[in-house]
Amino acid sequence: MSRALLIVLDSVGIGGAPDAARYDDEGSNTVGHVALACAAGKGDRPGLRSGPLLLPNMVALGLGEAVRLASGLIAPGLDAQPTMGLHGAGTETSNGKDTPSGHWEIAGFPVDFEWGYFPHAEPCFPPELIAEFLAKTGLPGILGNRHASGTEIIEEFGEEHGASGKPILYTSADSVLQIAAHETMFGLARLYEICAVMRELTRSLAIGRVIARPFIGEKRGAFRRTANRKDWAIEPAEPTILDRLTEAHRKVITIGKIGDIFAHRGTGEEIKAAGNAGLLDAALSAFERLPEGGLVFANLIDFDVEYGHRRDVPGYAAALEAFDRRIPEITARLRPGDLVIITADHGNDPTWRGTDHTRERVPILAFGPGIGAGSIGVRDSLADIAASLLDHLGMMPGNKGTSFL
């Protein structure tokens, strides 16, 4: 029996989604465009990083080849031949390009229904929804009520929120309703409470997630979101690999927002941490004590929330390089029979228009003692990841996906 570590680099897409035009994302390529920007000097930031994108460890695992397979782009600095592990590109088939869609498909449940979305109008939320929300929570009103960047709308309404006690509600191109409030003045527990109310009210609208966005600071220019974000997602309609492993009494440890994404179903021992470094630390610590037949499933969120949505190319490049430097640490923790899969859930091209996710293929990099080297090509579904993990862990295959092992 073996162990498995699954790491989702949140939003690290590699271009080439065949249905990208449906989402107005044709031509987006997160990793490829970051590499091109760095080669052109647009990824430099004094005190942070400079020069071409340097990802020698992920290139050795096949990241550059995965970009080429997905999009045809030979990304500068990523063109060396792979030397270890399996590499390929995963094609998301689920509807939507948000976090639940990608993660659920990775876990073996492609989303075949249509998510609900809020219109690009102001106000964007149905009046009857807000009226019921206010009646159930006793709040004096809301602020925002439109599509917006979270950091920008908090800057705009943060002071008024502090004075009025009205939370800030906003959405994006994803199936999401986000509620921002001051962590101490409004109260974190109170924010979580009203988000739970909104979760129940939005079920009939098929809204994928309600997200609490706590922040601190006293005035414009000083507001800063904290690590106490919490997501309320709807539950997958079919069993995922997490459900199957849990039912088989296998150890499951989930890191970061995985528990929230799967509505805490089958997510086993849940561990929270702040930032990519802290999340990876937690994942490696959990993997050290993982028994045979178990799975650690981690999400590294900073790529998406700190750099993708903020269209921060140097920050995105630096985050990729920081993760790359830790791959030798991951390989050093592996025992005979272990498997690591590094992938992503969607794209968030920091060179792209707007501030939303981008519809892209994602890398699949699989390695470990005894895992051969070579290409697994362009996979038809991210559910192939779940199928491969089940195969590796000695479980019966599910209804979706084909193992590449």
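**Core first.** I began with the largest nonpolar core, which has 86 residues. The residues with the most contacts inside this core are I255 and F323. Helix α10 (residues 275–288) gives the core its largest share, seven residues. Apart from this core I found another one of 22 residues, with L129, L139, L169 and L177 among them. For my own record, a nonpolar core is a set of buried Ala, Val, Leu, Ile, Met, Phe, Trp, Tyr and Cys residues joined through side-chain atoms within 4.5 Å. Buried means under 20% relative accessible area, exposed means over 50%, and partly exposed is in between (1.4 Å probe, protein chains only). In soluble globular proteins, nonpolar side chains tend to be buried together.

**Where it comes from.** I noted that this is a predicted model, where local features need pLDDT of at least 70 and side-chain atom pairs count only at pLDDT 80 or more, while totals for chains, interfaces and linings use all residues. Residues are numbered from 1 along each chain as its sequence is written, and side-chain values use heavy atoms, with hydrogens and water left out.

**F323.** What does F323 touch, leaving aside neighbours within four places in sequence? I listed I7, L9, M58, L280, L300, F303, I330 and I342. Contact here means heavy atoms within 4.5 Å.

**Overall build.** I counted 14 helices and 14 strands; these are DSSP runs numbered from the N terminus, helices being H or I of at least four residues and strands E of at least two. Of the 405 residues, 60% count as buried. The C-alpha atoms fill a box of roughly 60 × 50 × 40 Å along the principal axes. Among contacts between residues at least 6 apart in sequence, 69% join residues at least 24 apart.

**K257.** Is K257 buried or exposed? I have K257 down as buried because its relative accessibility is 6%. K257 sits in the loop between β9 (252–255) and α9 (258–261). Not counting residues up to four places away in sequence, K257 touches D10, T99, R209, R229, K272, N299 and I301.

**L382.** Next I went to the loop between β14 (374–379) and α14 (383–392), where L382 is found. L382 has a relative accessible area of 0%, so it is buried. With residues up to four places away left out, its contacts are G90, T91, E92, G102, E105, I106, A344 and V362. L382 and S94 are 288 residues apart in sequence, yet their C-alpha atoms are 9.0 Å apart in space.

**R310 and R311.** Both arginines are in the loop between α11 (302–308) and α12 (313–325). R310 is partly exposed, with a relative accessible area of 40%, whereas R311 is buried at 17%. R310 touches T151, R225 and V305, residues up to four places away not counted.

Most residues other than glycine have a negative phi, and most peptide bonds are trans. A263 lies in the loop between α9 and β10 (269–271) and is partly exposed, at 22% relative accessible area. Last, I marked the cis peptide bond that joins E122 and P123, with omega about 5 degrees. P123 is in the loop between α4 (99–106) and α5 (127–137).
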